[in-house]
Amino acid sequence: MKKSFLIASLIALNFSVVAAETGGFKAGDTPPPKHEQDAGYKGTEDTRENTVNRIRDLRDGAWVTLEGNIIKQHQQERYAFRDKTETIDIVVPQSAWKGKEFGAEDLVRISGRVHGQGKSTIINVEQISEP
């Protein structure tokens, strides 16, 4: 009787040790795309609502997403973008438009990298779409 109790106790103890050792890396999950990572954290600047006046203090190369209107074209790929706080210059390559056209009255969502700081800040747009 004592032997069977001892064996049952050892088996129960062994299962609890095995259960405590589970965890670790889970294979099969898809990692986030590189463009959504920033300094090892996914979307650190996208966790709060960005506005033009807030992004002027971000570091060079930070990924941002803004909603507003493209109000004017300065040069072939350079435009003026205005949100509810301020106006900023943006650079939009032809590839970012993806065949869509937007007018000054259309609300758009732009995503791209910050270049410069302060009043000389511009955004190099990589994605443009409807919100």
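W97 and F102 are both buried, where buried means under 20% relative accessible area, exposed over 50%, and partly exposed in between, with a 1.4 Å probe and protein chains only. One caution before I go on: this is a predicted model, where local features need pLDDT of at least 70, side-chain atom pairs count only at pLDDT 80 or more, and totals for chains, interfaces and linings use all residues. Residues are numbered from 1 along each chain as its sequence is written, and side-chain values use heavy atoms, with hydrogens and water left out.

Back to the rings. A pair of aromatic rings is described by the distance of the centres and the angle of the planes. Here is the rule: rings of Phe, Tyr and Trp (its six-membered ring) pair if their centres lie within 6.5 Å. Planes under 30 degrees apart count as stacked, over 60 as edge-to-face, the rest as tilted. By this rule there are 2 aromatic pairs. Take Y79 and W97: the ring centres sit 5.6 Å apart and the planes meet at 75°, so this pair is edge-to-face. Y79 belongs to strand β4, residues 78-82, and W97 to helix α3, residues 94-97. They are 18 residues apart, and the pair links distant parts of the chain. Y79 and W97 are both buried. Now W97 and F102. That pair is tilted, at 6.3 Å centre to centre and 35° between the planes. Together, ring pairs link Y79, W97 and F102 into a cluster.

Next, the whole chain. Helices (H or I, at least four residues) and strands (E, at least two) are DSSP runs, numbered from the N terminus. We have 3 helices and 7 strands. The order from the N terminus is α-β-β-α-β-β-β-α-β-β. The chain has 131 residues, and 27% of them count as buried. Contact means heavy atoms within 4.5 Å. Among contacts with a separation of 6 or more, 52% come from residues 24 or more positions apart.

Last stop, Q117. Where does Q117 lie? In the loop between β6 (108-115) and β7 (122-129). Q117 is partly exposed, because its relative accessible area is 47%. Leaving aside neighbours within four places in sequence, Q117 is in contact with R56, D57, L58 and R59. Q117 and L58 are 59 residues apart in sequence, yet 7.1 Å apart in space, C-alpha to C-alpha.
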